[in-house]
Amino acid sequence: EGIVPWQLVVTRPAFARAAHGIRPPGGVWCHVSGCDLVRDADGRWKVLEDNVRTPSGISYVLENRIAMSRLLPELFAGYDVRPVSHYPALLLEALRTAAPAGGEDPVVVVWTPGPANSAYFEHAFLARQMGVELVEASDLVVRDGLCYMRTTRGLARVGSIYRRIDDDFMDPLEFRPDSLLGVPGLMRAYRAGTVAIVNAVGTGVADDKAIYHYVPEMIRYYLAEEPILANVTTYLMADAEQRRYVLDRLEEMVVKPTSESGGKGVFIGPSATKEELARQADVVRREPERWIAQELVQLSTCPTASPDGSLAPRHVDLRPFAVFGEDIHIVPGGLTRVALREGSMIVNSSQGGGSKDTWVLEDDGADGGWDGHGTQASWARPRMPDLRTGDWTGQQQQQQQ
């Protein structure tokens, strides 16, 4: 419709030409999404980026809650903390809903690249919690346009695949021919509508950082609404005017590669030397289409145990998860990621970050109550220590989100 330039879409590395014209079973492309939210120095919530390809981290949400409830059960005594343990059931329901019609109990599998993958723990954890099989490429086969799983009792038709593998490696017949992780013919079965792949092939375009620039306009166009939460101000380096503006203020900016994830390649201007600033400016000038820039957000902080046992402020962000089955459910919690190094703004686990248990408190109904899907949350900070004095306060601060 012209809201997002078509040239930008087709030049994204995640653009999947093989998925052109395919409508996923049920018409849902993104069954699982995780949006990264931050609070700035003024206490305002903003959306930092969107994750709709294979968003990770939900297993840490569940494990953090288990660990906290076992180690410090007394913390939960004074608060009605909403549970997050039902996430595997929500995901399983969404995967079964996505499966093509034709079977009352479709076979659901979690597809992993294997133990060498950095998120393998999560793949195995979710498969175990949902009670479904964890499979690799050698466990799957396509025959006559149908996808099957090899079992000791023969072939079992697969209805829905929760894939934790990038598009490029899924099918060597249509993507990378050297992929040893893919299943030959899988895209043919997907195109025929005989198997669901969650999230849909090609969704990586939607969470490309260059596309993020246009999300507010997407909301206005598709929903006829104003965005409730603002994006972090973002500049496209492919635009000459925006590029000049950023390069003139590079020491104030954060520069990110458009198609990377996990904090890879992020350049933080305020902490860079003059030589590093000059090198980054040259890189941006050579390949401007590969970069975006954002205003530096002074992330909010949370008390964190330091190696010497004392508490110190560390920067955090929040990744809540949404699951789209028959309805959209927001998990009443989220992955709070924390930068463990003093002063660091990089919270990604792959860059040395940690995570924290995150609470959403039960609403008493005074503000209209819950709508049944967890879309209204009362974020609360329980008793926390004063980082200057070490004293614990009994004040509870609530903010409606």
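Start by selecting D36, D317, R319 and R337: salt bridges link them in a network. A salt bridge here is a side-chain nitrogen of Lys or Arg within 4 Å of a carboxyl oxygen of Asp or Glu. Across the whole structure, a search finds 20 salt bridges.

Before moving on, note that this is a predicted model, where local features need pLDDT of at least 70, side-chain atom pairs count only at pLDDT 80 or more, and totals for chains, interfaces and linings use all residues. Residues are numbered from 1 along each chain as its sequence is written, and side-chain values use heavy atoms, with hydrogens and water left out.

Select E122 and R164. Their side chains meet in a salt bridge of 3.0 Å, N to O. The pair links distant parts of the chain: E122 sits in helix α4 (residues 120–130), R164 in the loop between β7 and α5 (186–191), 42 residues apart. Helices (H or I, at least four residues) and strands (E, at least two) are DSSP runs, numbered from the N terminus. Both E122 and R164 are buried. Buried means under 20% relative accessible area, exposed over 50%, and partly exposed in between (1.4 Å probe, protein chains only).

Go to R191 and E174 next. Their closest N and O atoms are 3.0 Å apart, in another salt bridge. R191 belongs to helix α5 and E174 to the loop between β7 and α5, 17 residues apart. R191 has a relative accessible area of 41%, so R191 is partly exposed. E174 is partly exposed too, at 32%.

Then pick E226 and R220, a salt bridge with closest N and O atoms 3.1 Å apart. E226 is exposed because its relative accessible area is 54%. R220, at 31%, counts as partly exposed.

Select strands β5 (residues 140–143) and β6 (residues 146–151). They run antiparallel, joined by four bridges. Strands pair if DSSP finds at least two bridges between them. R143 has L146 as its bridge partner. Two residues separate the strands of this hairpin, and D144 in the turn has a positive phi of about 55°.

T151 stands opposite G154.

**The open sheet**

Now show the four strands in the order β10-β13-β11-β12, an open sheet with antiparallel pairing. At the edges are β10 (234–236) and β12 (267–268), each pairing on one side only. Strand β11 (residues 253–257) pairs with β12 over two bridges. Finish at V254, which stands opposite I268 in β12.
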